[in-house]
Amino acid sequence: MDLDVAVIEAAFESLPYINSFEEFKPNQALAIPGSSLPIYKVSAQYEEMYWDLAISIPDDFPYVLPNISLLVDPPFAPFGHLNWKGSICYKDTQGLAADIRDPVSVLKGCIVEALATLKEHSEDSSRMDLHQEFEDYWESLPSDYSTTLCFFELGSEFKTLTAFEDTKNSRKTNNPNILAVIDEKLNEKTLYAPINRIKGAKQRKIPYIPLIDKIEPPPLLSLWTAEDIIDLIKNHAKPNVLEKYFRWIESEKWANFFSIVFSHPKPNGELALWGVRFHRKEKAQHPAKASSAGWSVMPLHLRNQSPTYLKTRGGANTGLSEKKVLLFGCGSVGSHIAMNLAKAGVGEMYLIDIDILTPENIHRHALGANFIDSIQQVPKVDALRWEIELNIPGVKVLTARANIRQFIEEIDLNNYDAVISATGDFSSELALNIHHHESDISTPVIYAWQDGFGIGGHVMQVACPGERGCLECLYTRSSGFKPHPRTSFIAQGQTISKHIGGCSGVFTPYSNLDALQTSVLATRAVVRVLDGHRSNTIYSWRGASEELEENGHQASVWYKKAEDKQLQDEHRYIANNCKACGSDH
């Protein structure tokens with residue numbers, strides 16, 4: 001059903017909450033989005049409360065819900081789910097499915113939801129939701145500046161920040177814009193792309209002032225004055241913060257503009273981030289020392305980009321920020337593990353691999369051709385470090401070109417919270433396994449490897465080296481050592497590697513999707529271990545056998561007996577006569 005004026009007005013008339021309605025032209029301050037349909041002023045009554053609303057129905061309704069605003073005359077004390085212009089946040093549309101076959105019911109339902117939201121939050125004397133959503137309300141205030149990215153951790157102490165200013169006005173705002181704000185202590189050698197892109201911009205020092213109390217935001221359609229801001233600082237900052245701020249004022253040369261970044265506590269314990277920019281026509285003393293007359297104040301819309309915030313917002317584990325992991329092997333599986341761990345929140349990684357990134361790698365490697373140089377060959381570890389540090393803030397990456405055997409003799413594995421090996425070099429990994437058990441090493445070691453032709457992948461977790469169950473168990477039979485792991489999904493005695501262009505072009509056939517699936521399995525194992533869940537376990541994912549069989553090979557008995565797509569085994573793989581962990585070792 002298409003909505004036209006007659007249908008809309010019939011819907012209004014059928015709602016018992018609506019007393020009257022008329023077409024309406026809102027003033028510019030309200031900034032109500034228009035459409036080809038009229039905007040309506042609606043007078044409504046809901047449970048003995050009276051409200052005047054402005055309702056705008058978008059052209060792509062009901063896929064996009066109506067904008068419903070409260071019509072007020074300033075000053076009007078704000079409350080939850082209402083922005084500075086009066087727009088009502090009456091429905092969380094995340095995951096919402098509207099009944100697109102019945103737009104009239106959707107429209108009527110939205111109006112009722114908006115009225116119920118107004119009643120609920122206008123009667124909340126604590127204004128809990130308003131204080132929890134302070135930043136959303138603040139961003140609805142008008143500003144001449146584009147959003148500023150903030151790459152620093154919020155805290156409870158005064159500090160000086162570095163602001164990068166857009167003096168060329170590339171964003172076409174009315175005044176020079178602050179592109180970003182970073183902590184002065186941030187490593188200037190950081191590769192993180194959003195910071196790297198602006199390092200040539202003009203820099204200016206600005207203060208960060210943490211306030212200790214929740215702040216009442218400006219009333220609807222009203223703004224704070226310079227005097228209001230100075231009073232907020234004096235009344236809501238700790239004495240030592242106030243002292244440091246005034247000392248900083250004395251040390252600075254003042255122009256006719258300056259900025260301040262603030263934070264204050266929200267009900268859930270998090271900190272609200274906001275800022276202001278002072279401006280006047282002529283230079284003058286700071287308004288905290290002299291008169292605030294002549295100073296105007298403009299809100300700064302700040303976007304928190306600190307590593308802690310981004311990890312929380314992106315589903316990463318902030319508890320992993322202090323964890324250090326060592327990764328052997330940065331090939332198809334290992335490169336995805338490294339990227340996964342960085343995005344999972346791990347704070348420091350040491351990447352070990354001896355190979356160069358080549359074009360043959362790109363279809364199943366985490367990196368693409370951007371890091372391939374025919375003149376200056378790029379080691380996989382360096383390319384992976386650049387990719388991680390360019391795209392993920394707050395991760396420290398170290399690298400070394402070496403193999404397992406070289407490295408384990410030179411470094412104490414106990415300095416790491418987890419060690420991962422994804423080299424595909426099973427003899428060297430067996431050497432690591434022996435070193436793990438024969439040395440006094442408590443660090444968990446996780447091995448990850450890929451079976452060919454998409455039939456599956458495996459992750460061996462040896463988190464308790466003093467107990468039975470290790471990598472060598474897979475190669476141990478009653479008759480002694482066998483060169484084929486018992487948990488392989490491919491039957492023993494078959495050569496599945498392929499050759500393109502001679503012996504130097506040998507490779508194991510599997511796809512990027514296979515490597516991704518094994519890397520996810522491995523990453524989950526590492527995160528579980530870092531969270532303190534310790535056991536000796538093998539995990540496997542089981543794929544289809546058709547491609548293996550089409551190439552003339554056979555699946556193993558272990559594969560045929562497995563029924564689930566995702567396998568976990570803590571007992572069957574263990575060999576009592578294993579020379580590394582068995583009863584005779």
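Which elements cover the buried residues of α10? Let's look at this predicted model one close-up at a time.

**View 1. Helix α10 and its surroundings.** Helix α10 takes in residues 380-391, 12 residues in total. From its first C-alpha to its last it reaches 17 Å, close to the expected 16 Å. Look for Lys380, Val381, Ala383, Leu384, Ile388 and Glu389, which are buried. The cover over the buried residues of α10 includes α9 (332-344), β14 (348-352) and β15 (396-400).

**View 2. Helices α9 and α13 crossing.** Here α9 meets helix α13, residues 512-530. Their axes come within 8 Å and cross at roughly 45 degrees, which means that α9 is oblique to α13. The crossing of these two helices is right-handed. On the α9 side, the residues in contact include Ser332, His336 and Leu341; on the α13 side they include Asn512, Leu516 and Val527.

**View 3. The open sheet of eight strands.** Follow the strands in the order β11-β10-β9-β8-β6-β7-β5-β12, with mixed pairing. β11 (296-300) and β12 (302-304) stand at the edges with a single partner strand each, so one side of each has no neighbour in the sheet. From one strand to the next, the twist averages 30 degrees. Strand β10 (residues 271-279) runs antiparallel to β11, and five bridges join them. Within this part of the view, Arg277 stands opposite Met298 in β11.

View 4. Helix α6 (residues 226-236) lies across β8 (202-210), β9 (257-265), β10 and β11, and runs at about 135 degrees to β10. Helix α7 (residues 239-251) also packs on the sheet, where it touches β6 (159-166), β8 and β9. The direction of α7 makes about 155 degrees with that of β8.

**View 5. The open sheet of four strands.** This sheet has the order β1-β2-β3-β4, and its pairing is antiparallel. At its edges stand β1 (18-23) and β4 (67-70); each has a single partner strand, so one side of each is left without a neighbour in the sheet. Neighbouring strands are turned by 25 degrees against each other on average, direction ignored. Four bridges link strand β3 (residues 49-56) with β4, and Leu53 has Leu70 in β4 as its bridge partner.

**View 6. Two helices on the four-stranded sheet.** Helix α1 (residues 5-14) lies across β1, β2 (40-46) and β3, at about 20 degrees to β2. Helix α2 (residues 103-122) lies across β1, β2, β3 and β4 and runs at about 135 degrees to β3.

Key
Residues numbered from 1 in each chain as written. Predicted model: local features only at pLDDT ≥ 70, side-chain atom pairs only at ≥ 80, totals over all residues. Heavy atoms only, no water. Expected span 1.5 Å × (residues − 1). Buried < 20%, exposed > 50% of the residue type's maximum accessible area, 1.4 Å probe, protein only. Contact = heavy atoms within 4.5 Å. Pairing = 2+ DSSP bridges. Axes fitted to C-alpha atoms, helices over the stretch in contact; angles between N-to-C directions. Parallel < 35°, antiparallel > 145°, perpendicular 65-115°, else oblique. Left-handed = near helix turned anticlockwise from the far one by under 90°.
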